[in-house]
Amino acid sequence: MKKIAIVGGGAAGMLAALYAARAGARVCLLERNEKLGKKVYITGKGRCNATNACERDEFFRNIPRNPRFLYAAFSKLDNIGMIDLLESLGCPMKVERGERAFPVSDKASDVTGALSRELRRLGVEVRFETRVRELIIEDGSAKGVVLENGQRISADAVIVATGGLSYPSTGSTGDGYRLAEAAGHTVIPARAGLVPIETEEKWCADLTGLSLKNVRLSANVKGGKRFYSDMGEMLFTHFGVSGPLVLSMSSMIPENGQVQLEIDLKPALDAATLDKRLLRDFAEMQNRQIATVMDGLAPHSLALMLLQLADISPYMPVHSVTSEQRKSLVKLMKGIPLTVKGTRSMDEAIITRGGINVKEVNPSTMQSRLVSGLYFAGETLDIDAMTGGFNLQIAFSTGALAGESAAKEEN
């Protein structure tokens with residue numbers, strides 16, 4: 001019976017253990033924390049957005065970096081397969097807005113509990129509070145691991161599934177990158193992904209806590225092409241902007257170049273139609289203050305900010321507003337400009353951009369192209385996605401393929 005050592009008991013590690021054990025291997029799962037799936041517990045605000053139930057093509061459109069690398073892993077365990085797996089293990093699932101899949105109970109613990117029970121049933125040896133110091137590599141093959149206390153654990157194959165750098169309190173402190181580099185792998189420098197944005201404009205702080213719904217956020221490199229545009233929700237913060245739209249956009253920001261944002265408050269109306277709407281409102285309330293009219297078009301605090309940005313007194317009577325001032329308001333509502341100062345720190349990131357160079361990993365098996373018997377899965381790899389359950393599915397899929405491959409392949 002083949003023995004597999006798995007480093008990391010998160011989403012990828014648990015699926016790797018499950019699939020390796022189901023394929024007949026003897027599995028030892030090494031987790032540095034006191035329980036499995038510690039990061040899974042905090043996903044989806046504690047509800048666990050386990051996957052996204054969208055169509056395959058739509059799923060891959062939500063992976064901005066190295067999507068083709070995931071093809072084989074997704075074929076091994078796709079999003080619908082993951083939902084079926086959890087339900088078969090006693091965790092009923094439901095699909096909500098945006099095709100996001102959650103446990104019916106809204107408890108992340110039901111996901112980790114279902115997987116943990118199956119690992120126990122399969123006889124997987126789980127060792128908690130166990131950190132791996134280094135890999136044992138002999139004659140170009142992985143032969144086990146050395147623990148922090150110096151103990152050596154021999155194995156026929158090793159799977160590294162230690163996560164990235166986001167949420168370091170859960171144990172994601174870059175151990176996988178260190179182990180990979182020691183084995184000769186290239187690691188793409190880690191950056192914060194799915195993270196709030198700091199803006200050059202200080203006025204965002206005056207709107208802290210204001211949430212916008214059904215707006216369009218667009219982003220482009222100054223002087224270059226647009227790299228993001230989508231509709232949804234966002235909010236203002238004391239440092240800039242956050243919310244679903246902003247988090248997704250943050251994972252597509254290029255490394256070089258000044259990034260400009262635009263918030264379209266009325267994406268369903270073109271500029272000409274919005275101008276006609278303003279003209280109609282102005283005609284109906286020509287003796288009222290302009291702030292009163294703007295309150296019907298935007299939340300009060302934002303309406304006042306729009307007037308300030310347009311250099312219009314909120315007390316100005318509507319009949320005194322010039323056509324140039326009206327057109328200035330239309331332009332602002334169709335594209336409030338913001339300048340990206342930078343992203344927030346890794347401590348606030350949901351995922352990690354960067355990781356082990358996927359060119360050095362066989363996508364059909366997740367085995368290292370440099371070291372026989374060494375496999376990688378999950379966030380340690382340089383592949384990430386938008387919000388909505390896509391990143392957990394990447395971890396589940398790559399873990400499943402790595403586990404089954406490690407159990408079945410001759411190394």
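Predicted model: local features only at pLDDT ≥ 70, side-chain atom pairs only at ≥ 80, totals over all residues.
Which residues touch the most other members of the largest nonpolar core? Residues are numbered from 1 along each chain as its sequence is written, and side-chain values use heavy atoms, without hydrogens and water.

**View 1. The largest nonpolar core contains 86 residues.** L70, L115, V145, V158, L374, L381 and F396 touch the most other members. A nonpolar core is a set of buried Ala, Val, Leu, Ile, Met, Phe, Trp, Tyr and Cys residues joined through side-chain atoms within 4.5 Å; buried means under 20% relative accessible area, with a 1.4 Å probe and protein chains only. Beyond its neighbours within four places in sequence, V145 is in contact (heavy atoms within 4.5 Å) with residues including V7, L30 and V158. A second, separate core of 48 residues includes I197 and L338.

**View 2. An open sheet is formed by 5 parallel strands.** Their order is β6-β2-β1-β10-β19; strands are DSSP runs (E, at least two residues), and two of them pair if DSSP finds at least two bridges between them. Because β6 (125-127) and β19 (374-376) each have a single partner strand, one side of each is left without a neighbour in the sheet. Strand β1 (residues 3-7) is joined to β10 (residues 157-160) by 4 bridges, and V7 has V160 as its bridge partner in β10.

**View 3. K2 is found in the segment before β1.** K2 counts as buried because its relative accessibility is 18%. A polar atom of the K2 side chain lies 2.7 Å from the backbone oxygen of A406.

Key: Buried < 20%, exposed > 50% of the residue type's maximum accessible area, 1.4 Å probe, protein only. Polar contact = N/O pair within 3.5 Å; in protein donor to acceptor, adjacent residues only side chain to side chain.
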